[in-house]
Amino acid sequence: LGAKICTMQRLALMRTSLLSLTRKLDAANQELIRISSSDSLTGIANRRCFDQRLEETWQAHATSGKSLALLFVDVDCFKLLNDACGHLQGDEYLREIARVCATFVSREAALVARCGGEEFAVLLPATPVRHVQLVAERIRLALAGEPVPVSPDCVLQVSVSLGAAMLAPGAADISPERLMARADAALYQAKRNGRNRTMLAAAGVPA
């Protein structure tokens with residue numbers, strides 16, 4: 001009887017150890033998923049996570065017929081900012097962009113991601129165009145900082161430009177890649193028009 005009790009105690013201890021190990025493995029896997037989908041500098045989603053979420057959101061749009069909006073946010077003259085203030089200051093500004101975008105994009109289904117370098121993306125499912133415009137302008141105004149002297153004859157205005165593209169409910173003649181291309185084209189139109197502004201691809205006019 002004593003031997004059986006000892007065996008049962010050992011089995012209970014092994015079961016407890018296995019449960020503890022399983023929890024640790026689950027936590028490690030969750031942390032690995034978080035790291036693999038997060039940008040190391042800003043802590044927001046990275047390009048891999050953005051691509052995956054865009055595809056998932058696209059599939060949901062195809063079945064629900066809800067609208068889908070995409071914002072691209074890009075720092076104006078980022079190289080000049082780095083050259084004038086140093087890369088540490090440039091990194092801090094990138095973190096500030098992530099913080100500001102996350103502040104104004106609070107909906108659970110939305111996503112803010114750093115797609116690379118100084119370019120960020122904001123995915124807004126089921127969002128009316130007027131709200132997309134409002135979010136874009138709030139981000140732009142919040143990130144329009146004080147002028148930075150670059151040289152005796154040059155002053156840099158720290159700012160961002162935004163390009164927005166909308167997918168209307170029920171639209172079937174556009175793909176995720178084309179939505180990105182339209183937002184990207186709107187972003188570069190904002191750059192060509194003088195920077196520090198938002199362009200909406202659907203209308204081709206300032207948002």
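T57 makes contacts, meaning heavy atoms within 4.5 Å, with L68, L123 and P125, leaving aside residues up to four places away in sequence. The threonine T57 sits in helix 2 (residues 47–64), and T57 is buried at 12% relative accessible area. Here, buried means under 20% relative accessible area, exposed over 50% and partly exposed in between, using a 1.4 Å probe and protein chains only.

This is a predicted model, where local features need pLDDT of at least 70 and side-chain atom pairs count only at pLDDT 80 or more, while totals for chains, interfaces and linings use all residues. Numbering starts from 1 along each chain as its sequence is written, and side-chain values use heavy atoms, with hydrogens and water left out.

**Overall layout**
- The chain has 6 helices and 8 strands, taken as DSSP runs numbered from the N terminus (helices: H or I, at least four residues; strands: E, at least two).
- Going along the sequence, the order is α-α-β-α-α-β-β-α-β-β-β-α-β-β.
- Of the 207 residues, 38% are buried.
- Take the contacts with a separation of 6 or more: 66% of them link residues 24 or more positions apart.

**Nonpolar cores**
- A nonpolar core is a set of buried Ala, Val, Leu, Ile, Met, Phe, Trp, Tyr and Cys residues joined through side-chain atoms within 4.5 Å.
- The largest one has 31 residues, and L71, V73, Y93, I97, V122, L124 and V160 touch the most other members.
- At least two residues of this core come from each of strand 1 (68–75), helix 3 (78–85), helix 4 (87–104), strand 3 (119–125), helix 5 (129–142) and strand 6 (160–167).
- Helix 4 gives the largest share of this core, 6 residues.
- There's also a second, separate core of 20 residues, including L68, L70, F72 and C115.
- Back to V122: beyond residues up to four places away in sequence, V122 touches A69, L70, L71, V73, C101, V105, L111 and V112.

**Helix 3**
- F78, L81 and N82 are the buried residues of helix 3.
- Viewed down the helix 3 axis, those buried residues fall within an arc of 95°, so they line one face of the helix; the arc is that of the directions from the helix axis to the C-beta atoms.
- K79 and D83, on the other side of helix 3, are exposed.
- After helix 3 comes G86, with a positive phi near 95°.
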